[in-house]
Structures are given as C-alpha cells and as structure tokens.
Amino acid sequence: SRQPTHDLMAIHPYNPLEDPYSLYPHSLRNIDELCASIVRSHRETSQYRVEELHALRWKLFNREEIQAYQSKSVDEMWQHCAIRLTEAVQYVVEFAKHIPGFRMLSQNDQIALLKTGSMEVVLVRMSRLFNTENNTVFFDGKFAGTEVFKSLACGDLITAVFDFAHGMCALKLTEQQIALFSALVLINADRPCLEDKGRVQRVQRSVEFGLTHILHRDNQESLMHKLYQRVAVLRSLCSLHMEKLRWFSQRYPLTAHSLFPPLYKELFASEAELLPGTNH
Ligand SMILES: CCS(=O)(=O)c1ccc(CNC(=O)N2CC3(CCCC3)c3nc(-c4c(OC)ncnc4C4CC4)ccc32)cc1
C-alpha cells in the first residue's frame, strides 16, 4: 500500500513503450535530454567537484584549529555555520532554476519549494563532502570531525547529519543519480502553500520519470526503494534542524534575526516574521 508520507518517490513503473515526452509537454525532445539538463545543472552548481574533494580528503583541521572552533561561543559558531550553509543554499537555488519546468512555476511556488526543500538538497549534497573513512565532512576548506561543531551545542543534530551522510555514501550513488534525486527532493507537489499543485505535480512526474530512467539504465532499480527511505530521514533531519533553530532564535534573538544572512528571512522565516511588503 502507498504510505502517504512517501508519495514523493511514488514508484513510477518504468515502461519503455510509454513515450515520457507525450506525458509532459516540455520543450525537451525526450527523457534523456531532461536528465542531461538536470545533471548539467547539478554539475555547474555543485559548489565542489568530487575530484576536488577527493584530492583534499586528508586535509584535516589541526589541534589549534579545532581548539579555535571549540572556543567560539554558541552564537558565534551558529553565525559562522549560518554563513556556510547560506552559501550552500544559494548554489541549490541556482540548481533549482535550471530544472526544466521549475521556472515555469509561479514565483510563489518556486519560493515555497525552495523554502521547504533547499535544506534537504543541501543535506543530500553534503553527503558528497563526507570522507567516511575518518568520519569527517568538508567544512571551511578542510575536513572536520564532529568535535569541530561542539560549540553549536546540538550534538544530536550533528550526529544525525553524519549518520545520514554515511547512509547516503553507502548507496554509492553516481553524480547523475544524485542530480536526479536532488531534483526530485526539491520538486515535491505535496509541499505546503503551493498555488498550482497540478503544475508542480507535472514537473515532479517528469523528474520522477528521469530518475527511474537513470536507475533503469544503470540496472539499479532497487535503489529507488532505498532513496524512498532516505527521504523520510531527510524530513526528520530538517525538522530537528528547525527545532534547534527555534531554540537558538529564542536564546539568541539578536543573532538569529539580524545577523543571520538575509536568505534566512527569505527561506525560513515564518509568514508572520516576513517583513511587510516582502511577501511574494
Ligand atoms: C539556509 C540559509 S539560512 O536560512 O540563512 C540559515 C538557516 C539556518 C541556519 C542554522 N543552521 C546551520 O547553520 N547549520 C545546520 C546544519 C547542521 C545540521 C543541518 C545543517 C549545518 N551544516 C553545516 C555544514 C555545512 O554547511 C555547508 N557543510 C558541511 N558540514 C556542515 C556541518 C556538519 C553539519 C553548516 C551549517 C549548518 C543557518 C542559515
């Protein structure tokens, strides 16, 4: 039976006879072109190429550098991380803009999808920054273990992020599979506050078809089910993050509301907090 929370990965049976193009009136001639444009967009906006990360994988923070991170105050470290995360989200916004069909959606729906999906895509992409051999993540130019994030005072969240990344790395996804999976995480017709759900659904279906097409071609249809499960973990990770963010904003209101990068107000502030006139 279809579990309601996982309809994002509704299994779309691969039917080679069905011409995907006939289903989705896109400017693209066929499903290969759709996949190619999403993969190209992922490559151009992935912030770090896997080859670069591989070359840097043993560049670790030394004792002094770790000490420096750990002696930051909670709000200093959150602010420092916020800047890094905002950079990562901006690349995801660029990625979204080149997903065929995304720009055809209304401004409101584009913001609504990014508001709820950009953090999820950042987390999927973060799994590419992991070196599972020494349990470190590429952060601030070097590879960092969980101890670097101690002063964030949210060890459970960091542990959950590291665990999620290990789970993603275990799937050994190719860049093409990560590209299509990221697009599918973003284009989700069940996100709240969508004006034209039907239109988002059509774009979602074409991306779903692209992912099943790629997995069929790679002879890895079994991955779909595992990606299915990853989406559920992503959701819980993001709600844990929002919970920490609420805790942090209450404890350090000044930092959260004035120092967090403007993207915060754009993407994460609740409607009530949005400055008048910035409503889309
Ligand atoms: C989104 C733009 S925004 O609205 O302005 C915005 C909104 C919220 C925050 C506060 N959260 C935060 O800073 N977080 C949370 C998390 C850890 C849990 C989930 C992602 C994280 N991760 C990183 C990060 C990495 O950021 C690019 N890159 C590698 N590693 C890491 C750390 C292992 C977690 C760096 C900051 C960071 C900041 C900014």
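When I speak of a contact today, I mean heavy atoms within 4.5 Å. This is a predicted model, in which local features need pLDDT of at least 70 and side-chain atom pairs count only at pLDDT 80 or more, while totals for chains, interfaces and linings use all residues. Residues are numbered from 1 along each chain as its sequence is written, and side-chain values use heavy atoms, with hydrogens and water left out.

Let me begin with two helices, which are DSSP runs of H or I with at least four residues, numbered from the N terminus. In α2, Ile31, Asp32, Leu34, Cys35 and Ile38 meet Ser206, Val207, Phe209, Gly210, His213 and Ile214 of α9. The axes of α2 (residues 31-44) and α9 (residues 197-217), which are lines fitted to C-alpha atoms over the stretch in contact, come within 9 Å and cross at roughly 95 degrees. The two helices are therefore roughly perpendicular to each other, a label that covers angles of 65 to 115 degrees.

Now to threonine 45, which lies in the loop between α2 and α3 (50-55). Is threonine 45 buried or exposed? Threonine 45 is buried, with a relative accessible area of 5%, where buried means under 20% and exposed over 50%, using a 1.4 Å probe and protein chains only. Leaving aside residues up to four places away in sequence, threonine 45 touches Tyr91, Glu94, Phe95 and Arg125. A polar atom of the threonine 45 side chain also lies 2.8 Å from the backbone oxygen of serine 41. Finally, the C-alpha atoms of threonine 45 and alanine 88 are separated by 9.5 Å, although these residues are 43 residues apart along the chain.

Notes. Axes fitted to C-alpha atoms, helices over the stretch in contact; angles between N-to-C directions. Parallel < 35°, antiparallel > 145°, perpendicular 65-115°, else oblique. Polar contact = N/O pair within 3.5 Å; in protein donor to acceptor, adjacent residues only side chain to side chain.
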